[in-house]
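This report covers a sheet, a pocket and a set of salt bridges. Please keep the model open while reading.

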Amino acid sequence: MNKKQYISRRTGKRVLVITECAILPDNAAAVCYQEMDESQSVYVLTKDMFEATFMSYDSEGALADMVKQEPVCEKSASEEQRMEEVQEEKTSLDRLLLFLDADTYREKMQILEEMKEALNDHLLNNMAVSLDLSIEDGMDGYALIMSELKIRSRYEGKRGERL
């Protein structure tokens, strides 16, 4: 399976298998692959799920035929739910990176407000650490971070709007 190109049965996207690996702690067989589009994202799926989702192709002609085909297998509800959770987690991490890279405290406040519904303890702790804050048990992390950002934007914002 190594270094072969595959195509998604559902979307028609091409991927390149990087390596086969195992998922700990139970050593489940898995495949690490990279999307061959502008994102170049890298993912890991169990081998069974990968084989159900992607199929190999050997020429550009075969590629066009495969894109036209209907999905070979239907995903179960739990697989679809897991894929949605992975996508939501990826989106949350992308937003976290935007928060960390924001140039001003006002930008950070806007990003924090936009992702309020998707925040969890892990994201809040990472944001707090980036601001040298500590969220104690039982504290409202969102309120603490937002309050700190408001204070900092008020007093440090006059120095060129930079952090």
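## Terms and model

Two strands pair if DSSP finds at least two bridges between them. Helices (H or I, at least four residues) and strands (E, at least two) are DSSP runs, numbered from the N terminus.

This is a predicted model, where local features need pLDDT of at least 70 and side-chain atom pairs count only at pLDDT 80 or more, while totals for chains, interfaces and linings use all residues. Residues are numbered from 1 along each chain as its sequence is written, and side-chain values use heavy atoms, with hydrogens and water left out.

## The sheet

Five strands form an open sheet. Their order is β4-β3-β2-β1-β5, and the pairing is antiparallel. β4 (42–46) and β5 (54–56) are the edge strands, each pairing on one side only. On average, neighbouring strands are turned by 45° against each other, direction ignored. Here axes are lines fitted to C-alpha atoms, for helices over the stretch in contact, and angles run from 0 to 180 degrees between N-to-C directions.

Strands of a sheet pair through backbone hydrogen bonds, either parallel or antiparallel. β3 covers residues 28–35 and pairs with β4 in the antiparallel sense, over five bridges. Which residue in β4 stands opposite C32? It is V44. V31 has L45 as its bridge partner in β4. Six residues lie between the strands of this hairpin. In the hairpin, Q40 takes a positive phi near 55°.

## The second largest pocket

A pocket is an open set of points on a 1 Å grid over the protein atoms alone, where a 1.4 Å probe fits, with protein on both sides within 12 Å along at least five of seven lines. Lining residues have an atom within 4 Å of a point. Grid points are joined across faces, edges and corners, and a volume is the space filled by probe spheres set on the points.

The second largest pocket has a volume of about 180 Å³. Its lining consists of E85, E88, E89, T91, S92, L93, A118, N120, H122 and L123. α3 (77–101) and α5 (121–130) each supply at least two of the lining residues. α3 gives the most, with six residues. By class, the lining has three nonpolar, four polar and three charged residues. Ala, Val, Leu, Ile, Met, Phe, Trp, Tyr, Cys and Pro count as nonpolar; Asp, Glu, Lys and Arg as charged; the others, Gly among them, as polar.

## Salt bridges

A salt bridge is a side-chain nitrogen of Lys or Arg within 4 Å of a carboxyl oxygen of Asp or Glu. The count comes to four. One of them joins K47 and E20, with the closest N and O atoms 3.4 Å apart. This pair links distant parts of the chain: K47 is in helix α1 (residues 47–53) and E20 in strand β2 (residues 14–23), 27 residues apart. K47 is partly exposed at 25% relative accessible area, and E20 is partly exposed at 37%. Buried means under 20% relative accessible area, exposed over 50%, and partly exposed in between (1.4 Å probe, protein chains only).

E114 and R95 form another salt bridge, their closest N and O atoms being 2.2 Å apart. E114 is in helix α4 (residues 105–114) and R95 in helix α3, 19 residues apart. R152 meets E148 at 2.8 Å, N to O. R152 and E148 are separated by about one helical turn because they are four residues apart in helix α6 (residues 141–156). R152 counts as buried, at 17% relative accessibility.
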